[in-house]
Amino acid sequence: MNRFLTSSLGKKVVMALTGLFLISFLLVHCGINALIFYNDGGVNFNAGAEFMGTNPIIRTVEIILFIGLVLHIYQALILTLGNNKARPVKYAVNAAAENSKWYSRSMGLLGTLILMFLIIHLKHFWVTSRFTDQITGGHTTLFDEMKVIFSEAWVVALYDLAMISLAYHLLHGFYSAFQTLGLNNKKYTPVIKLVGAAFSIIIPFVFAMMPLAMHMGWVK
Amino acid sequence: MSEKKLNLTLKVWRQKNAKEAGNFITYKVTDISTDMSFLEMFDVLNEQLINKGEEPIAFDHDCREGICGMCSMYINGRAHGPAQGTTTCQLHMRKFKDGDTITVEPWRASSFPVIKDLVVDRSAFDHIISAGGFVSVNTGNAQDANNLPVPKNDADNAFAAAACIGCGACVAACKNSSAMLFVSAKVSQLALLPQGQIERETRVLNMVKTMDDEGFGSCTNTGACEAECPKEISVENIARLNREYLMANLK
């Protein structure tokens with residue numbers, strides 16, 4: 001087991017499994033948040049948020065989610081350090097665009113941008129709903145919180161730029177996870193790539209619409 | 001296709017030996033036939049250098065028919081140059097235009113140290129092969145042909161993987177200097193055939209361990225290796241290697 005986890009292939013399997021777990025989280029998160037598009041003043045959305053915030057099973061999965069995220073970042077750092085060491089002298093001329101997509105070569109950069117967004121995002125909503133409200137005894141609903149935060153245009157821009165980073169990160173990550181787990185064959189790979197591309201576009205797009213809709217007053 | 005003559009500027013990496021630092025030197029070559037191979041153009045340049053009493057440029061080559069895997073060269077940012085599915089020796093000068101400036105570098109990877117000029121030491125690949133790239137064979141008389149039935153699909157996939165000539169273009173083109181395409185081709189070729197079953201698990205475990213020990217990077221599935229491979233080895237082999245490694249570790 002130890003030999004497996006310290007091998008380059010084992011580390012990649014950890015990246016793939018945590019990546020797929022984070023992808024499943026995105027689906028749930030996006031689904032619950034999309035309830036704001038009921039445009040009912042946040043009634044359905046707040047009920048969903050209340051359930052997610054109080055259900056003991058969900059709260060336990062939340063802890064596992066954080067562990068998954070930390071593992072994904074930690075493993076990426078270790079792998080990147082090793083990969084940089086494998087080429088100490090760079091090419092003077094490198095036509096990488098001829099043989100691979102830019103986003104497949106920029107997963108670390110895209111991931112860092114997503115992490116920076118995530119810190120701001122957690123500060124905006126997770127810290128407020130889990131801690132600040134409980135300390136101050138405030139009763140602001142997440143929906144009201146969203147309205148306040150997304151009234152700032154720069155926040156909307158920041159969120160939507162982060163969703164573009166997420167889209168490209170997923171565009172490579174989704175397929176890459178299956179390839180790393182050894183799931184590649186002539187029949188399934190085109191399907192995996194298609195589902196991956198659809199997921200990478202639809203989920204970040206729905207997410208990106210949320211701050212925009214709040215800011216523009218499409219959702220009240 | 002009619003022959004034309006090219007005048008070119010070459011920026012070539014010169015390095016005396018493994019210890020000393022290298023640098024680019026610019027050379028001019030004139031009247032290069034478009035029918036020449038890239039290596040023949042280097043022969044012309046070297047002849048010029050020898051006539052001037054200078055040290056000729058060291059580069060690897062052997063068969064010059066695209067099957068031995070000796071030639072290398074990173075040409076204008078591409079392993080084996082701009083043509084697809086082509087080794088440097090099979091790259092023809094008709095792929096270039098008159099007046100072009102061509103930058104030529106050695107493979108860059110910590111596991112492939114430069115020996116001299118454009119020659120790198122690829123014995124890391126030999127170490128990986130000796131860790132598991134072999135099969136046990138019966139002693140005694142040779143077996144009858146077709147004694148071991150092999151499904152056609154497996155035979156085709158094994159054959160496609162066996163086309164790997166071990167040139168190292170996959171490592172050179174990979175942003176992580178990963179040797180996964182090479183190792184996966186060698187593991188696949190044997191894992192798919194009945195002759196390879198005896199060492200199936202130990203082979204993949206030992207070859208991956210040696211690959212890691214040699215300091216190659218890890219695979220991030222960019223697909224650059226497949227795109228630059230002169231034998232067009234598929235990254236499906238990398239998925240198979242991942243599968244073989246996972247299964248071997250589960251036992």
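Domain bounds, as I use them here, come from an automatic or database domain assignment.

**Entry 1: ground rules.** I am working with a predicted model, in which local features need pLDDT of at least 70, side-chain atom pairs count only at pLDDT 80 or more, and totals for chains, interfaces and linings use all residues. Residues are numbered from 1 along each chain as its sequence is written, while chains are lettered from A and ligands numbered from 1 in the order in which they are written.

**Entry 2: domains of chain B.** I looked up the domain assignment of chain B. It gives domain 1 (5-105) and domain 2 (123-250). Their centres, taken over C-alpha atoms, are separated by 30 Å. Domain 1 of chain B puts twelve residues into the contact, and domain 2 of chain B puts in ten. I count two residues as in contact if their C-beta atoms, placed from the backbone, lie within 7 Å. I then sorted the domain 1 side by class: four nonpolar, seven polar and one charged residues touch domain 2 of chain B. For the classes, Ala, Val, Leu, Ile, Met, Phe, Trp, Tyr, Cys and Pro count as nonpolar, Asp, Glu, Lys and Arg as charged, and the others, Gly among them, as polar.

**Entry 3: chain B as a whole.** The C-alpha trace of chain B spans about 60 × 40 × 40 Å along its principal axes. I found eight helices and seven strands in chain B. Helices (H or I, at least four residues) and strands (E, at least two) are DSSP runs, numbered from the N terminus. Of the 251 residues in chain B, 44% are buried. Buried takes 20 or more other C-beta atoms within 10 Å of the residue's own, exposed takes 12 or fewer, and partly exposed is in between, with C-beta atoms placed from the backbone. Among contacts in chain B with a separation of 6 or more, 70% link residues 24 or more positions apart.

**Entry 4: the sheet.** Next came the strands. Five of them form an open, mixed sheet in chain B, in the order 2-1-5-3-4. Two strands pair if DSSP finds at least two bridges between them. Strand 2 (23-33) and strand 4 of chain B are the edge strands, each pairing on one side only. Strand 3 (residues 74-75) and strand 4 of chain B are antiparallel, over two bridges. Helix 1 (residues 38-51) of chain B lies across strand 1 (5-14), strand 2 and strand 3, at about 105° to strand 2 of chain B. Axes are lines fitted to C-alpha atoms, for helices over the stretch in contact, and angles run from 0 to 180 degrees between N-to-C directions.

**Entry 5: B:Arg78.** I picked one residue of strand 4 (residues 78-79) of chain B, B:Arg78. B:Arg78 is the bridge partner of B:Ile75. Is B:Arg78 buried or exposed? It is buried, because 24 other C-beta atoms lie within 10 Å. Leaving out residues up to four places away in sequence, B:Arg78 touches A:Ala95, A:Glu98 and B:Glu228.

**Entry 6: chain A against chain B.** I turned to the interface. There, 36 residues of chain A are in contact with 38 residues of chain B. Helix 2 (8-33), helix 4 (56-85), helix 5 (102-105) and helix 8 (153-180) of chain A each give two or more residues to that side. Helix 2 of chain A gives the most, with five residues.

**Entry 7: A:Lys101.** Last, I checked A:Lys101, in the loop between helix 4 and helix 5 of chain A. A:Lys101 counts as partly exposed because it has 15 C-beta neighbours inside 10 Å.
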